[in-house]
Amino acid sequence: AHRQNAFWSMHELIFSNQESLNAGSFSQFARMLSLNLERFDSDMNNAELRGEIARDREEGVRAQLTGTPTIFINGRIYPDDMTFLALKAYVQSQLDAIQRGG
């Protein structure tokens, strides 16, 4: 999809349907986005692109990512609620700790 200037559109479809993805989901999304299906299928089977995906996945494994979104604050995985208020409180607590020298 990225090679057809539809990265973010595909991204939104994948994330909004992540609980029900299956082997045909990506082709279905490509059709929904009116992508060139022949090119899309070719790209999906491209060894170079599969290598890029494998490297990206391995990077996530090394970083101990278990899902998305994953947020890092000061080099640590933020393990709590992903609401704005919870994130704001956590960041503030980290800033307070830095100011106290800890």
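Predicted model: local features only at pLDDT ≥ 70, side-chain atom pairs only at ≥ 80, totals over all residues.
**Overall form**

The protein has five helices and two strands. Along the sequence these elements follow the order α-α-α-α-β-β-α. With a radius of gyration of 19 Å, well over the 13 Å that the globule rule gives for 102 residues, the protein is more spread out than a compact globule. Its C-alpha atoms fill a box of roughly 60 × 25 × 25 Å along the principal axes. Of the 102 residues, 16% count as buried.

One pair of residues gives a sense of distance within the model. Ser16 and Asn45 are separated by 29 residues in sequence and by 24 Å in space, C-alpha to C-alpha. Ser16 belongs to helix α1, and its relative accessibility of 57% makes it exposed.

Side chains of opposite charge can pair when their charged atoms come close. The partners are Arg3 and Asp43, whose side chains meet at 3.3 Å, N to O. This pair links distant parts of the chain, 40 residues apart: Arg3 is in the segment before α1 (7-16), while Asp43 is in helix α3 (residues 37-44).

Asp43 counts as buried because its relative accessibility is 13%, and the cut-off for buried is under 20%.

**Surface patches**

The surface carries a negative patch formed by Glu48, Glu52, Asp56 and Glu59. One of these residues, Glu59, is found in helix α4, which covers residues 47-62. At 48% relative accessibility, Glu59 counts as partly exposed, since the label exposed needs over 50%.

A nonpolar patch on the surface is made up of Leu65, Phe72 and Ile77. Together these three residues have about 240 Å² of accessible area. Ile77 is placed in strand β2 (residues 76-77). Its relative accessibility is 33%, so Ile77 counts as partly exposed.

**Positive phi angles**

Most residues other than glycine have a negative phi. Which value does the phi of Asn5 take? The phi of Asn5 is near 60 degrees, a positive value in a residue other than glycine. Asn5 sits in the segment before α1, and at 76% relative accessibility it counts as exposed.

Gln64 also has a positive phi, near 65 degrees, and is likewise a residue other than glycine. The place of Gln64 is the loop between α4 and β1 (72-73). At 60% relative accessibility, Gln64 counts as exposed.

**Accessibility of selected residues**

The table collects residues discussed above.

| Residue | Relative accessibility | Class |
|---|---|---|
| Asn5 | 76% | exposed |
| Ser16 | 57% | exposed |
| Asp43 | 13% | buried |
| Glu59 | 48% | partly exposed |
| Gln64 | 60% | exposed |
| Ile77 | 33% | partly exposed |

Definitions and conventions: Residues numbered from 1 in each chain as written. Heavy atoms only, no water. Patch = residues over 30% accessible without salt bridge, like charges linked within 9 Å, V, L, I, M, F, W, Y side chains within 5 Å. Areas by Shrake-Rupley, 256 points an atom, 1.4 Å probe, with all protein chains shown as cover. Salt bridge = Lys/Arg side-chain N within 4 Å of Asp/Glu carboxyl O. Lys, Arg positive; Asp, Glu negative; His and termini not counted. Charge placed at Lys NZ, Arg CZ, Asp CG, Glu CD. Helix = DSSP H or I, 4+ residues; strand = E, 2+ residues; numbered from the N terminus. Buried < 20%, exposed > 50% of the residue type's maximum accessible area, 1.4 Å probe, protein only. Rg over C-alpha atoms; globule rule 2.2 N^0.38 Å.
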